[in-house]
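Visitor: I would like to learn how to read a model like this one. Please take me through it feature by feature.

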Amino acid sequence: MTTTQAAARTTGRIGDNAQRPDGTLKVTGEFAYASDLWHDDMVWGVTLRSPHPHARIRRIDVTEALTVPGVSAVLTADDVPGENAFGLEHADQPVLAGEFVRYEGEPVALVAADHPETARRAAGRIRVDYEVLPALTDARRALDDDAPQVHPGGNLVRHLRLRRGDPAPTAPVVVSLDFEVGMQDQAFLGPESGLAVPAEDGGVDLYVATQWLHVDQRQVCLALGMPPEKVRLTLAGVGGAFGGREDLSVHVHACLLALRTGRPVKMSYGREESFYGHVHRHPATMTYEFGAERDGTLVYARAHVLLDGGAYASSTAAVVGNAGLLGLGPYRFPSVAVDAFGVFTHNPPCGAMRGFGCVQAAFAHEALMDELAAAVGVDPVEIRRRNGVQEGDRTITGQVIDSAAPVAELLQRVADLPLPPPLPGHPDLRDLPGAVGNTTHGEGVRRGVGYSVTYKNVGFSEGFDDYSTARVRLQVTGGEAVATVHTAAAEVGQGLVTVQQQIARTELGVERVVVVPADTAVGSAGSTSASRQTYVTGGAVKAACEAVRTAVLQRAAVALGRPVAGLALDGDKVLGAGGEVLAGLADVLGDDAVEETVEWRHRPTHAVDPETGQGDAHVQFAFSAHRAVVDVDVELGLVKVVALDTAQDVGKAINPDAVVGQIHGGSAQGMGLALMEEVVVTDGHVRNPSFTDYLLPTILDVPPMQVQVLEYADPHAPYGVRGVGEPPTISSGPAVAAAVRAACGKPLRRVPIRPEHVTGTQPTAIPPRSDRP
Amino acid sequence: MRVTTTVNGTERTADDVWPGESLLHLLRERLGLPGAKNACEQGECGSCTVYLDGEPVCACLVAAGQAIGRKVTTVEGLAAGQALHPVQEAFVEAGAVQCGFCTPGLVVAAHDLLARVPEPSDPEIREALAGNLCRCTGYEKILDAVRLAARRQAAR
C-alpha cells in the first residue's frame, strides 16, 4: 500500500554526496505521501472545529448530520473510549472538546463519509450550542490576578529562572531594548494526513506522516484505551515537518473513526485546516539589557522573555528552557539574570518549530549586540568576535563547552565572503525591491548589511533520556551481501534514509543497503527534531552495524580457526590483518542472517537548578553565522534580499550536499520570519489561514546563498557530527533584520518587518498591551 | 457526472464525479495518479501543476468537468518508460529534492520552461518558477537542477 522505498540503487559512504534512495520516486510522482494513501472500501474523515477561542459547549446535536446519505459515523467527546486527553509532555488537550473549547479551531466532532465533500457537508449539520466566554488573548495579561483562567492550575506553563555571577552588576555602558516576534507557521507543504485501518485483532494500523512514531503511539493508546501491541504505526511519506508534526493531528481521530465504522479511514487536511491543525512557533515579547566595558566587553545581561503558549502545553516548557538557557547568544557573560516564561492563553497552541526558542531570543540578543557595537564605536563583526565563546568557556548555565565553538572564525568567514556588486545605474527591475511591480527604478533604494551569530543545543536536553534504536541485519542474497537497516526514525525530507545507508556501507563494507519503512515494530528512535537524528539514530545504526560486524567476525574466527583479532569485514569478504581475503561472507554465513538490535544513547544531560538555572543541560552546541545584504526602498518599505551568506560548523558532513541543502532551506525560513511570515491572530482568531495571505518566500524572494561548511569534529559524537538542521534558521533572520535596520536607519524592534515599519508610517514600537479581556 | 479525458496518452473515464470536484481530485482519488500534489488547493503553491492541452495549470483550480475531451499530462507521464526525463534526472542529481512534496509541480513547471526557453537565464528561471513554493531547499539546488537540465538537453 505504501511505496516510500527505493526503486533505484544508490551508492556512497560517509563523506560522499550520496543520492537519496527515494529521489527517483519523488521526481516521478510515485513516492507515497500520507495524503496519497488509498485503500479499497475506505471512507473519508473530517473534523468539525470550534469557531470560538473560548466557549462552553452546552450541547451537541448530531442527528441531522447522521441523516446525510453516505455518512457512516459522527463522533464527539463521548465516543472517546480511553482518556480524552493527549499531549507531548502533558496530556492536557482533549481528543475532542468536552465541556470547553479553548482555542479557535479546536476539534469538536468527527464525521466519516464515502466522499470528503459529503463528510464536510454533514459536519456543517452538526449543531453545537456554545456559550461564548471571555478569552485571554494577550499573553502579557496571562499572569495577572484577574486574567481568565485557561486551565484550572493557572496560566503559567513554565518559569525558567537563571542567575549567575554578581546579583547587582553595573557597567559603564548599558544598552537595552524591547523586541517582539510574531507567530510563524511551519508551512510544510504536505498537509496533515493519515490512513487508519481496523485490524482483525480489534486493534488498528495507522499510516501517518509524523516526526516521532513512538510518542504518537503512546498518546493514541491512551485515547483508545488499547495496549501498544494493538496500535501499530507506520510512517507514511512525509511532506516536510519543521516541528509542526511533533504533536498529534489526525492520528486519534482517524483511528476512532476506523474502529467505529470498521472500515479504513483516510483523513487529509486542506491548507486552511492545516493552519488550525498544528502548533506554531511561539510569539515572543522580550526585554533585554546588556552592560559592557567601554571597549565593548560584556559585563552582564538581564533578559525577560515571554512566550505565548496558546491553549495547551504542547512543548512550551522545553521551548521556554531553550529561550532561557540559550537566550543570550554565544557570548561570554560574567553575570546574568534571565527570566523566561511560557503562558497559556486562548490563542492557537504553540510548540515546536525549527530553532525551538532560540529563534525568538536571537532576534533580541543580536539586535542588542548591534546597539552595543554602535554605543562603543566598534563594528558589528568585531563586537561579536570580542565577546564570542570559545571551546573551554562556560555558557550562562555554567556548562563547559567541550568541543569546538568557532564563533570568531564563523564571523570572519562570512565577513570575508565576496559581497554582491552594487546596483548599477540602470538596474534590471527584477533586481529591485518591488521587482516587476515597477515601484522604483532605484530612487529611494538603500543598501544595508547585517551580521548575526547564534547557537543551538543539539538533541533533547535537561536530563531527558534521549536514545534511538536500530536493527541491522546482514545476509548474502543472490550472491551479494545485503544490509537491512530498520529504525523508527522519521525521514521528513532531511535525508536521514541516505545517511543510514551511508553509515551501513561504511561500517560493513557492503554496497547494497536497504532501509525498510519506519514503524513501531522496532524500538523508539526518538524524535526527528532538535537536529538530533544523524547524531542519535546515526549513532544507533553505527553501533548496530558494529555489533553485526563483531558477530560475523566471531563466526568467521570459529570457521577459519583463527583469532578474531585481526579479522576485518569488507562487504562480502572476510579479510585478514594484511587485507588478504580469507573467506567469502557466504562461506561464513551460508543462508543465515546476522541481526543485531542496539539502543544507543548520547551522553546524559542534566536538569538545571530550579533557582539558578545552572547545570550541564545540553549534550552539544551547534554554531552558525550569517551575513545578509539587502536593498530597501525606504520610501515604500519594500525589501529585496540581495545575498544571504553563511558559515556553519557541522562537525563532520556525512553528506556534504545534503548538509548544504539543509543550510539553504533553514536560512530561507529564518529570512521568512524576518520579512514576511506571520500567522496574524486578533482576539484569538487567525486572520490569514491560507498561502494567499500567509506569505512564504518564493524563488524570487530568496537570494543566492554562499555557504561555508566547517568540520570541527565533536570528539563525543559519532563520526564527530554536529546537528545541522536548526542553526541556519536561527542566525539568518537576525542578520536580515540587521541589514534592513542598517539600510533604513530605523530601530525595527519587531519581526516580521512590515513595509509600514520601514517607512515609519506605523510605529515599530511594541503596542501597549490590550485591555481586552 | 461522467468524465472522459486523455491522461498521459491514455483515455480514462470516471463515473459519479461530483460537479464540484477538481481535476486534482479526479487525478488523485479516481484515476490513481497521486503525483500532482495537494499542498494548498487554492492555486498558490504550484505543487499540483499538470499540463492541460499543453498548457501548465494548477489542477486544483480546474474543475474535473473542464478536462472532458482534453489532454492531461501529469508528472507520471514525463519519463519515457524507466528512463527519467532530463529534468527529473537533474532534480535528483542536483539535490533539488528534500521532502519532495513540491517536486512534481516544479518538475512540470521546469519541463515547460525548458520547452519554451532551452537556455534560460537565472532571472528567467526564477520568474518561471515563482508560482511554485518549496519549503525545504531555499531554491538554490532547484536553480542548479534547472541549469543542469538545460545543459543536458542542449548537449543532446
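Visitor: In what order do the five strands of the open sheet in chain B run?

Guide: First, the general idea. Strands of a sheet pair through backbone hydrogen bonds, either parallel or antiparallel. Here the order is 2-1-5-3-4, and the pairing is mixed. Strands are DSSP runs of E, at least two residues, and helices are runs of H or I, at least four residues, numbered from the N terminus. Two strands pair if DSSP finds at least two bridges between them.

This is a predicted model: local features need pLDDT of at least 70, side-chain atom pairs count only at pLDDT 80 or more, and totals for chains, interfaces and linings use all residues. Residues are numbered from 1 along each chain as its sequence is written, while chains are lettered from A and ligands numbered from 1 in the order in which they are written.

Visitor: Which strands stand at the edges?

Guide: Strand 2 (10-14) and strand 4 (55-58) of chain B. Each has a single partner strand, so one side of each is left without a neighbour in the sheet. On average, neighbouring strands are turned by 40° against each other, direction ignored. Axes are lines fitted to C-alpha atoms, for helices over the stretch in contact; angles run from 0 to 180 degrees between N-to-C directions.

Visitor: In what sense do strand 3 and strand 5 of chain B pair?

Guide: Antiparallel, over two bridges, between residues 49-52 and residues 71-73 of chain B. Tyr51(B) has Thr73(B) of strand 5 as its bridge partner.

Visitor: Which strands does helix 3 of chain B touch?

Guide: Helix 3 (residues 103-116) packs on the sheet against strand 3 and strand 4 of chain B. Its direction makes about 45° with that of strand 3. Residues are in contact if their C-beta atoms, placed from the backbone, lie within 7 Å.

Visitor: How many residues of chain A are in contact with chain B?

Guide: 46 residues of chain A meet 43 residues of chain B. Helix 1 (23-28) and helix 14 (656-675) of chain A each give two or more residues. Helix 14 gives the most, with seven. The chain A side divides into 17 nonpolar, 21 polar and eight charged residues. Ala, Val, Leu, Ile, Met, Phe, Trp, Tyr, Cys and Pro count as nonpolar, Asp, Glu, Lys and Arg as charged, and the others, Gly among them, as polar.

Visitor: What is the mean pLDDT of chain B?

Guide: Where pLDDT is low, the predicted coordinates should not be read in detail. pLDDT is the predictor's confidence in each residue, from 0 to 100. For chain B the mean is 97, and 100% of its residues reach 70 or more. The predictor gives the complex an ipTM of 0.99 and a pTM of 0.97.

Conventions:
Two residues are in contact if their C-beta atoms, placed from the backbone, lie within 7 Å.
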